[in-house]
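Let's take a walk through this structure, from its loops to its sheet and its cores. Have the sequence and the 3D view open as you read.

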Amino acid sequence: DLDSEEGIILHTVPGAALEGTVIDEFGAPVANAEVFVGPSLMYIIQAIRNRDIYLERVFTDGSGHFAIDAVPANMKLSVVGLEGATHPGMRDFGPLNPATDAKVQLQLVETGKLHGRIVDSEGEGVRGAKVLAVPIDFRMLVGVVRALPEYIVESDSNGEFQFPELPKRNMVLVAQGRGGRAAPVTCAVTG
């Protein structure tokens, strides 16, 4: 009741402290990496239903270290780190016990290039078609949503396209141009 003398009452949940380090695929600390902590994807529907919504965003310091004073205890959490739009890392952890200190290390995934060609029904290259790469691992969608233009390229005059850097993961590619739309294709970024 907003008209009560007490005002609005906010209820807290048990918490724990979290600190960690973000390292690249070679084990070196990553300075200024963006770090998100929220409910694990496996539990996101339950978290929404129970109104246990939590999302924290911090950046690593010069030595790749980050700290969050309070994260929800008794909840499975995910940590996602980003060094640029297409260089993510992620892991699930917890649930943590209330009033404890937890440490996590998050390693970014390797990246690679992806290239291909868009052709029409007659096998001719399609110029100017947009190609969208979407990771199949939904935990990586934070990076896609954060910087969608990095996951879209345009085909050249021969219908060829290239993503200069994507996470080495399975992707779904969707292409669309003035002449039509391609059916989604699943591929792996390996090179």
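Asn32 sits in the loop between β1 and β2. Before going on: this is a predicted model, where local features need pLDDT of at least 70 and side-chain atom pairs count only at pLDDT 80 or more, while totals for chains, interfaces and linings use all residues. Residues are numbered from 1 along each chain as its sequence is written, and side-chain values use heavy atoms, with hydrogens and water left out. Strands are DSSP runs of E, at least two residues long, numbered from the N terminus.

Asn32 has a phi near 60 degrees, a positive value in a residue other than glycine. Ala99, in the loop between β6 and β7, likewise has a positive phi of about 60 degrees without being a glycine. That loop also holds Pro95, and the peptide bond joining Gly94 and Pro95 is cis, with omega about 5 degrees. For background, most residues other than glycine have a negative phi, and most peptide bonds are trans.

| Residue | Relative accessibility | Class |
|---|---|---|
| Asn32 | 61% | exposed |
| Ala99 | 75% | exposed |
| His87 | 7% | buried |
| Val189 | 4% | buried |

His87 lies in the loop between β5 (77–82) and β6 (88–93). Which side chains make polar contacts with the side chain of His87? Glu25 is one, at 2.9 Å, and Glu83 is another, also at 2.9 Å. A polar contact here is a pair of N or O atoms within 3.5 Å; within protein, one must be able to donate a hydrogen and the other to accept it, and residues adjacent in sequence count only if both atoms are side-chain atoms.

Val189 is in the segment after β14 (185–188). Counting contact as heavy atoms within 4.5 Å, and skipping neighbours within four places in sequence, Val189 touches several residues, including Gly112, Leu114, Pro167 and Met171.

## The sheet

Four strands form an open sheet in the order β3-β2-β5-β6, with antiparallel pairing. β3 (56–59) and β6 are at the edges with a single partner strand each, so one side of each has no neighbour in the sheet. Strands pair if DSSP finds at least two bridges between them; β5 and β6 have six. Leu77 has Phe93 as its bridge partner in β6.

## Cores and rings

A nonpolar core is a set of buried Ala, Val, Leu, Ile, Met, Phe, Trp, Tyr and Cys residues joined through side-chain atoms within 4.5 Å. The largest one has 21 residues, and Leu18, Val22, Val37, Phe66, Val71 and Phe93 touch the most other members. A second, separate core has 17 residues, among them Ile118, Val131, Val144 and Phe161.

How many aromatic pairs does a search of the whole structure find? One. The ring centres of Phe161 and Phe163 are 6.1 Å apart and their planes are at 80 degrees, so this pair is edge-to-face. Rings of Phe, Tyr and Trp (its six-membered ring) pair if their centres lie within 6.5 Å; planes under 30 degrees apart count as stacked, over 60 as edge-to-face and the rest as tilted. Both Phe161 and Phe163 are buried.

Definitions and conventions
Buried < 20%, exposed > 50% of the residue type's maximum accessible area, 1.4 Å probe, protein only.
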